[in-house]
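Thank you all for coming.

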Amino acid sequence: MSTIITTPASQRRSWLLIGVISLMSAVIAALVAVYFALPMLSDQKAAQEAEPEVVVVPPPVFMPLAPFTVNLESPRGNRLLYIGITLKMADQDAVARVEGLKPELKSRLLLLLSGQSPDELITQAGKQALQGTLTEALSRPYSEGGQPLAISGVLYNDFIVQ
């Protein structure tokens with residue numbers, strides 16, 4: 001018959017061993033939790049960084065001009081262009097600037113259109129080229145050292161070549 005005799009020193013060692021094992025288990029559990037939680041946190045942070053910033057672009061402002069008729073250069077006699085255009089502007093400030101320069105703008109427009117060839121204007125490519133030319137010409141500054149106008153496009157409302 002065997003009996004186990006426990007002494008107070010061996011009981012302390014047992015409790016110390018249980019405490020050390022408990023502490024190590026807690027540390028390992030914490031390390032495992034951190035190991036699995038860090039990738040999820042970094043994924044969330046990457047997802048937040050990957051989302052593109054929403055840039056709110058204000059809608060354009062359109063400024064229609066009254067239609068008018070222009071004589072065109074042609075070796076075959078008198079040819080006419082009846083045209084109505086709308087200017088595409090960035091904002092109301094640009095519209096206010098154009099309103100102040102409207103007589104000069106119309107004069108520049110008439111001079112530019114009267115120099116066009118009717119044979120080129122009847123083609124789609126000619127009309128598109130004219131849009132680019134008008135946008136560039138009408139946007140240029142109207143005085144020396146002046147600011148260019150914020151005209152981003154010219155749209156046709158009417159377009160008849162006779």
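Let me begin with how the elements are named: helices (H or I, at least four residues) and strands (E, at least two) are DSSP runs, numbered from the N terminus. What you see is a predicted model, in which local features need pLDDT of at least 70 and side-chain atom pairs count only at pLDDT 80 or more, while totals for chains, interfaces and linings use all residues. Residues are numbered from 1 along each chain as its sequence is written, and side-chain values use heavy atoms, with hydrogens and water left out.

The C-alpha trace spans about 135 × 35 × 25 Å along its principal axes. The radius of gyration, taken over C-alpha atoms, is compared with a globule rule of 2.2 Å times the number of residues to the power 0.38; a compact globule of 162 residues would come out near 15 Å, but this chain has 40 Å.

For burial, I call a residue buried under 20% relative accessible area, exposed over 50%, and partly exposed in between, using a 1.4 Å probe and protein chains only. Buried residues make up 24% of the 162 residues in the chain.

Let us turn to helix α1, where Asp 43 is found. Asp 43 is exposed, because its relative accessible area is 52%. Asp 43 and Ala 66 are 23 residues apart in sequence, yet 57 Å apart in space, C-alpha to C-alpha.

Helix α1, residues 8–50, also holds Tyr 35, which is exposed because its relative accessible area is 59%. Aromatic rings of Phe, Tyr and Trp (its six-membered ring) pair if their centres lie within 6.5 Å, with planes under 30 degrees apart counted as stacked, over 60 as edge-to-face and the rest as tilted. The structure holds 2 aromatic pairs. One of them joins Tyr 35 and Phe 36, edge-to-face, at 5.2 Å centre to centre and 80 degrees between the planes, and both of these residues are exposed.

Now, how many salt bridges does the structure hold? Taking a salt bridge as a side-chain nitrogen of Lys or Arg within 4 Å of a carboxyl oxygen of Asp or Glu, the structure holds 2. In one, Arg 76 meets Asp 119, with the closest N and O atoms 2.5 Å apart. That pair links distant parts of the chain, since Arg 76 is in the loop between β2 (68–72) and β3 (79–89), Asp 119 is in helix α4 (residues 118–121), and the two are 43 residues apart. Arg 76 counts as exposed because its relative accessibility is 58%, whereas Asp 119, at 41%, counts as partly exposed.

Glu 99 and Lys 102 also form a salt bridge, at 3.9 Å from N to O. Glu 99 is partly exposed, with a relative accessible area of 41%, and Lys 102 is partly exposed too, with 22%.

Leu 65 is found in the loop between β1 (61–64) and β2, and is buried because its relative accessible area is 4%.
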